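Hi everyone, thanks for coming. Let me put today's structure up on the screen, and then we'll walk through it together.

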Amino acid sequence: ETASPKKKTRSGSAPRINGNNSKTTQPQPRFKAAATTGRRLEDGATVVTAAAARAAARKRKQQEQQSHVEAPADHSRALVDTLESRSKAGRLMRNKWRQAVDNQYRQNTAVSRLAAIPHAVTFELLDDGRKLQATFAKGVQGRGNHQETIDYIPRDLLKETMGVLYQTELEDLRPENMALSPRILWNLVYHHQQQQQREREQPEQERGNRNSNGSVEEALVALQPSLDWSFLRTRKKELSAKAKENLRQAQEKDAQKSSSNIDDNWEAAAATIASVEEAMEKLQELDHNHRQSRIRDAAQVRQSQKQNDGEEWKLNTPSEVDEDELLECVNENLPDNGPSADTIVRHLIDKCHIRNWRELANYNDSEADKMAQELGVETVHVDSWLTMARQQSVEEIIVEVCDKNVDAVPLLRHVNAGTPHELTHWQPIAEELETLLRDSATEGTAEEIPSAVQLQKWCDQAELALNQWPWLKDFVATME
């Protein structure tokens, strides 16, 4: 008999029989579907199976692990990532970059400042001579100009500052280091250019044969000719290790000696400082009393020239000669290498017929150029004198407006009504001003509060003063 063939399974392999168990196990498939996406026959939509998602995740993880192991670190990518990173490392990196950019910008601007000296920089005094504006070419930073406004330093003060820096911070006076501080550099160059301009205006026989290149070194020599500036033409010397140690030991010995001397003389030094402080306090008190006395005397003189009862109140300008007042105004901004303060005061009295700061305050602003030509100074100096005279005159005028009531002026200042212009603001509501004064009064000053009738009169007189001298409208801040 022929044997019947064995029955094969669907996959082509014979079923396995498990010992005594007659049941057969499910055969494993030889092939399985790839874990990928597919499309539904119904609507054609893309379908991602769970197996496909897990397989894709495993593949990405394997690729990341392999890239970390095999690829070298990409520092440029890490730096770029810090631009938007909120981590501590990212903030630190951005701060360092910002500092580096700022430092480079400062260095480039310093180079542009030096390159612009002397022919590519112009100056202009602003704010009544208190500010100096420098305009210079950008140079290495591109086209156009830079504009920097710094505090104006008078020549005498700048000369003293350079002397102190020469003794303490010698390397800071090198042009490349000074260019990092526009305030010192531009004031130095400005005063040097002014000096050159004055020399060019002199007669030819008085000029001499000195060649000028307008450099920073030449400006330093012209400002402090008695100092040795030869170090500017040499490099900074670096000390060796042995020389540094010797210098350190010498400085320690000097410090010990100076410390012993201080210990021996500390009582004398303390007594000297105490006496100086006491003298300064007495001087300030004396100056304050002198100022109050001058204001009272001035008000008394003005008030002695009363008009008749039927005439309108009028602010009288004194005609007495007071050289001290004019000297105080002129010394506020004295020209460099020009006429002395006493000479200017004599010219103000003789040529301009100005005898005190009240007459100087009333001088017409449009004629400042004319006065400058007559006195041989610049217009900016005349403007400074006018401002100073008006600041001082306002203190006298407010006392006159208040009918010599000197004690009431500080009370008005306390409520921002201490100038004629400020006082006119209260003209329609003098009663409210009285209430405000009483509310702000301290113990012992309540009896000094003027009545509403007095305040109304003072407000009216303040308006008359403003109509008479319009420059009073410029002083709206409380005068201290």
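Let's start with a quick one: does Glu434 count as buried or exposed? At 18% relative accessibility, Glu434 counts as buried. The cut-offs here are these: buried means under 20% relative accessible area, exposed means over 50%, and partly exposed is in between, with a 1.4 Å probe and protein chains only.

Before going on, two housekeeping points. This is a predicted model, so local features need pLDDT of at least 70 and side-chain atom pairs count only at pLDDT 80 or more, while totals for chains, interfaces and linings use all residues. Residues are numbered from 1 along each chain as its sequence is written, and side-chain values use heavy atoms, with hydrogens and water left out.

Okay, the overall picture. The protein chain has 18 helices and seven strands; these are DSSP runs numbered from the N terminus, with helices being H or I of at least four residues and strands being E of at least two. The chain has 480 residues, and 31% of them count as buried. It exposes about 32,700 Å², with carbon and sulfur atoms supplying 49% of that; the areas come from the Shrake-Rupley method with a 1.4 Å probe, and for residues only the protein chains shown count as cover. Now contacts, meaning heavy atoms within 4.5 Å. Among those between residues at least 6 apart in sequence, 60% join residues at least 24 apart.

Back to Glu434, then. Which residue does Glu434 form a salt bridge with? The partner is Arg438, and the closest N and O atoms are 3.5 Å apart. A salt bridge, by the way, is a side-chain nitrogen of Lys or Arg within 4 Å of a carboxyl oxygen of Asp or Glu. Arg438 and Glu434 are separated by about one helical turn, because they are four residues apart in helix 17 (residues 430-440). Arg438 itself is partly exposed, at 44% relative accessible area.

Stay on helix 17 for a moment. Ala430, Leu433, Glu434 and Leu437 are buried there. Looking down the axis of helix 17, these buried residues fall within an arc of 100°, so they line one face of the helix. That arc is taken over the directions from the helix axis to the C-beta atoms. And what do the buried residues of helix 17 pack against? They pack against helix 15 (408-414), helix 16 (420-424) and helix 18 (452-468).

Helix 10 (residues 323-330) gives us another example: its buried residues are Glu325, Leu326, Cys329 and Val330. They cover an arc of only 130° around the axis, which puts them on the same side of helix 10.

By the same rule, the count comes to 13. One of them joins the side chains of Arg113 and Glu148, at 2.7 Å from N to O. Arg113 is in helix 3 (residues 88-116) and Glu148 in strand 7 (residues 145-151), 35 residues apart, and the pair links distant parts of the chain. Both Arg113 and Glu148 are buried.

Then there's Asp365 with Arg390, where the closest N and O atoms are 3.0 Å apart. Asp365 lies in the loop between helix 12 (357-361) and helix 13 (368-375), and Arg390 in helix 14 (residues 379-401), so the pair ties together parts 25 residues apart in sequence. Asp365 is partly exposed at 45% relative accessible area, whereas Arg390 is buried at 8%. We also get a network of salt bridges linking Glu323, Arg346 and Asp350.

Last stop, the aromatics. How many aromatic pairs does the structure hold? It holds seven. Rings of Phe, Tyr and Trp (its six-membered ring) pair if their centres lie within 6.5 Å; planes under 30 degrees apart count as stacked, over 60 as edge-to-face and the rest as tilted. Phe123 and Tyr190 form an edge-to-face pair, 5.7 Å centre to centre with 70° between the planes. Phe123 is in strand 5 (residues 121-126) and Tyr190 in helix 6 (residues 182-201), 67 residues apart. Phe123 and Tyr190 also belong to one aromatic cluster, together with Phe136, Tyr152 and Trp186.

That's my tour, so over to you for questions.
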